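I opened my notebook to get to know a structure that was new to me. Here is what I looked up, entry by entry.

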Amino acid sequence: MGAALCLGAMVWLLGGRHYGMRRARSLLAGGGVVATGPPSWQQVLGGLRWLRGRVGAEWWALMAGLLLALLGTSVIPVAAGAAGVPVLRRVRRARRARRTREQRAGAVIALCGALAGEVRAGRQPGEALMRVARDSGGLGDGQAAVVAAARFGGDVPGALTAAARQPGGEGLLGLAACWRVAVDQGAGLVAGLDRLDAALRAERDQRADLRAQLSGSRATAVLLAALPAFGLLLGAAMGADPLHVLLHTGAGLGCLVGGAAFEAAGLWWAVRIVRGAEAL
């Protein structure tokens with residue numbers, strides 16, 4: 001009962017805040033008569049979306065722990081939720097870093113293709129590189145150094161190699177090699193860029209295919225990890241009061257500790273298998 005009252009108060013405050021903000025905007029804009037009354041479900045959902053945008057996803061573990069602590073009258077769920085915050089933060093940051101790496105790798109592929117098109121159209125390599133570098137995010141923090149080297153006749157391969165140290169920019173190493181061969185040995189830059197572009201695209205497609213094949217394994221791991229929560233809901237629906245058994249009895253605490261240990265070990269093993277397959 002207390003948990004429901006706390007949750008209702010939170011939702012009401014969030015919805016009320018957005019409701020008050022909309023009233024103020026309407027009054028300042030001269031919108032005329034403003035309706036009064038409790039917030040609607042749309043306002044409540046807007047408040048929850050606002051909270052989701054302001055609060056990191058990892059803090060929902062602590063909120064869930066607080067809710068379970070109120071339902072089970074125990075501090076153990078709060079401690080578990082607090083322990084899960086840094087773990088979920090690390091997962092979120094790793095996912096964001098992987099997304100950034102994939103976006104930069106795609107930008108490098110687009111850079112190579114655009115550069116090949118500019119050189120094929122008759123532009124000088126340095127001028128073509130300056131032109132495509134301004135419109136591409138593949139160079140990242142090294143864009144200024146690469147553009148300066150191309151404009152003033154500097155060490156373009158060296159600048160490209162330095163830019164390739166950023167996550168997702170490994171394809172720039174191939175571009176640096178093509179540039180060095182074309183300048184030192186007079187080889188055709190367009191042919192090298194075309195082969196590099198094809199190789200990078202094939203590698204990207206291979207990674208995407210592997211990720212699609214591993215999606216089933218990831219979904220199975222997530223489903224297995226969520227089974228204990230379904231078990232708790234099923235026990236509560238049957239009137240067994242599983243939270244009281246787990247949090248207030250010796251046998252329940254033992255089952256809770258053992259189950260949490262096996263759950264963590266299983267998730268770690270599944271993640272290790274998936275990452276090992278992706279690294280092949």
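**Entry 1: the salt-bridge network**

I began with charged side chains and found that Glu 118, Arg 123, Glu 127 and Arg 131 are linked in a network of salt bridges. A reminder to myself: this is a predicted model. I also noted the general idea that side chains of opposite charge can pair when their charged atoms come close.

I then took the network pair by pair. Arg 123 joins Glu 118 through a salt bridge, with N to O at 2.7 Å. Is Glu 118 buried or exposed? I found Glu 118 to be buried, because its relative accessible area of 19% falls under the 20% cut-off. Arg 123 has a relative accessibility of 29%, so I wrote it down as partly exposed.

Next I looked at Arg 131, which also forms a salt bridge with Glu 118; here the closest N and O atoms are 3.5 Å apart.

**Entry 2: along helix 9**

Another of the salt bridges brings together the side chains of Arg 207 and Glu 203, at 3.3 Å from N to O. I saw that both residues lie in helix 9 and are 4 residues apart, about one turn of the helix. Arg 207 is partly exposed at 37% relative accessibility, and Glu 203 is partly exposed too, at 41%.

I stayed with helix 9 (residues 189–237) to find Asp 197. With a relative accessible area of 13%, Asp 197 is buried. What is Asp 197 in contact with, leaving aside its neighbours within four places in sequence? I listed Ile 109, Cys 112 and Gly 113.

Leu 233 is in helix 9 as well, but its setting reads otherwise in my notes: Leu 233 is exposed, because its relative accessibility is 58%, and exposed means over 50%. I also found Leu 233 in a nonpolar patch on the surface, along with Leu 223, Leu 224, Leu 227 and Phe 230. Together these residues have about 530 Å² of accessible area.

My last stop was helix 6 (residues 143–152), where I noted Val 146, Val 147, Ala 149 and Ala 150 as buried. Why do I place them on the same side of helix 6? They cover an arc of only 160° around the axis, which puts them on that one side.

I then asked what covers these buried residues. On the face turned away from the buried side, I found the exposed residues Ala 144 and Phe 152.

Terms used. Residues numbered from 1 in each chain as written. Predicted model: local features only at pLDDT ≥ 70, side-chain atom pairs only at ≥ 80, totals over all residues. Heavy atoms only, no water. Helix = DSSP H or I, 4+ residues; strand = E, 2+ residues; numbered from the N terminus. Buried < 20%, exposed > 50% of the residue type's maximum accessible area, 1.4 Å probe, protein only. Contact = heavy atoms within 4.5 Å. Patch = residues over 30% accessible without salt bridge, like charges linked within 9 Å, V, L, I, M, F, W, Y side chains within 5 Å. Areas by Shrake-Rupley, 256 points an atom, 1.4 Å probe, with all protein chains shown as cover. Salt bridge = Lys/Arg side-chain N within 4 Å of Asp/Glu carboxyl O. Arc of directions from axis to C-beta.
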